[in-house]
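User: Could we go through the charged and aromatic side-chain contacts here? I'd like to start with the charged ones.

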Amino acid sequence: MKRRKFINVAGLGALTVLAAEKVFASNSKKDAGKWHIEQFKDKGLAHFSYAVLVDRKIIIIDPERNPQIYYDFAKQNDAKIIGVIETHPHADFASAHLEIHKSENATIYASSLTKPAYPFTPFDDGNVIKLSDTVSLRSLYTPGHAPDHVAAVLQESGKDIAVFSGDALLIGDVGRPDLRDYSKDVLSQRKKLAGMMYNTIHQKFAKLDDDVIVYPAHGAGSLCGKAMRDVPSSTIGYEKAHNYAFEPRSEAEFVAILLSDLPFIPKYFPYDVGINIQGVPAIKTGIADVKLLQKNYRPDAKSLIIDGRSSAVFKNSYLTNAINIQDGGKFETWLGSVVPPNVPFYLVAANDNDLAVLITKSAKIGYELNITGAFVYDALDGNKFEEFNAATFNPDSSKYTIIDVRTEKEVKEDKIFANSINIPLEDLSSRISEIPTNKPILVNCASGYRSAAGSTIIKKYLPGQEVFDLGKAVTQYDEKNKEEEKKKNGN
């Protein structure tokens, strides 16, 4: 978990940004009237959460599933967590707001439009949380990404200092309007939310002062937007100058742009919206309830197994029905994209430490309840995956059926193999019948991560078929294609 610290020294009006690895040696955050912002980043989900500290009182904004980082921060600063702000019910992670409420007796602030099942205090447009005589947080109704979305504006002595924009205003982008559907007419609902976003940008965020700092809930790599810049913060002035959403255009033009080229929606997103409205149980309780099985356990032949080991280790020995979603920066996202939230699964890792990590990552999206059992697998007598000889591979031959598991947009922008069939990884399980079986099957993606999962999904559903994973070798063919394209165009 990376952390960034933002300190205001009253009287100087200066905003200082300290890197997480540097020592912070000032007591200004403990003095009356001073404020301090701590930013926490979950790299795997590209999620930012925040702690606002004033007079030894802390408000947490958009917390992740594991609240221990916030408890540690409070202890380090001899402070108490008194409240949690949920800008909206998040789709890509399970939030700890209910756990923090129960553990710290902290008030949960949320939009009354959310109609949450947990105890909360309305934080609707104009509502204020007073933290000291001079410092407060003001609600700003900012629908578009969600119909119940609010932002929180940090004020000092009547001046707006920073806005915690949730997933409404992102850095270089805005939140996508297609993750919350309340009607059968999905397109109409999305257009309505996109229109709300137009008003949010031009009537809410654009009216804040240019020097107001923007702290979003997500950064580059998140599926909550389309094209975010890879930085942790911005300013309203910078966004006005560089974010396409602020450009002068009609509402209809804005809506058309916002609804175009949207990324796929992982299977778990609607599920997480639902559990966040209900409030999820404490993470330690959820993890403790996961059944740990003996090493090299053998589930029954019909069980789904998610194997988080490296691709090379997996291919050398794996269990029937196992899908290889390698542990890495995006394990949670791909787990929730490949496995629907109503499908139980076994979880496999190479050792006890890796297994604990994978269980925790599953819990970050509320999937720990779906784990039938978890175990270490290091046996060498399992199934062997077909070994692919990349050195003799001729992409122009018709020897293989090539399945490209990248997104449609990626393939459109860069089709690596002219004769490939594009089935995105997240759709592969439901579209197996579209794959011809008259030839050996070769699977590719952009770097080898998704093809490892994709090839094992195909093997699960077509166990008698020859299936090969092109893996990292795909980069040499992609580079070759680009060089040939340059020569063709005379570059």
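User: Is D404 buried or exposed?
Analyst: D404 is buried, with a relative accessible area of 0%, where buried means under 20%, exposed over 50% and partly exposed in between, with a 1.4 Å probe and protein chains only. This is a predicted model, so local features need pLDDT of at least 70 and side-chain atom pairs count only at pLDDT 80 or more, while totals for chains, interfaces and linings use all residues. Residues are numbered from 1 along each chain as its sequence is written, and side-chain values use heavy atoms, leaving out hydrogens and water.

User: Which residue does D404 form a salt bridge with?
Analyst: The partner is R406, with the closest N and O atoms 2.8 Å apart; a salt bridge is a side-chain nitrogen of Lys or Arg within 4 Å of a carboxyl oxygen of Asp or Glu. R406 also counts as buried, at 3% relative accessibility.

User: And what does R450 meet in a salt bridge?
Analyst: The side chain of R450 meets that of E410, at 2.8 Å from N to O. R450 lies in helix α12 (residues 449-461) and E410 in helix α11 (residues 408-413), so the pair ties together parts that are 40 residues apart in sequence. Helices here are DSSP runs of H or I with at least four residues, and strands are runs of E with at least two, numbered from the N terminus. R450 is buried at 13%, whereas E410 is partly exposed at 25%.

User: How many salt bridges are found in the whole structure?
Analyst: The search finds 20. Among them is K361 with D327, whose closest N and O atoms are 2.7 Å apart. K361 lies in helix α10 and D327 in the loop between β18 and α9, so this pair ties together parts 34 residues apart in sequence.

User: Switching to rings, how many aromatic pairs are there?
Analyst: The count is 23, taking rings of Phe, Tyr and Trp (its six-membered ring) with centres within 6.5 Å, and calling planes under 30 degrees apart stacked, over 60 edge-to-face and the rest tilted. One of them is Y346 with F375, which is edge-to-face at 6.4 Å centre to centre and 65° between the planes. Y346 lies in strand β19 and F375 in strand β20, so the pair ties together parts that are 29 residues apart in sequence.

User: Where do those two sit, buried or exposed?
Analyst: Y346 is buried, with a relative accessible area of 10%, and F375 is buried as well, at 0%.
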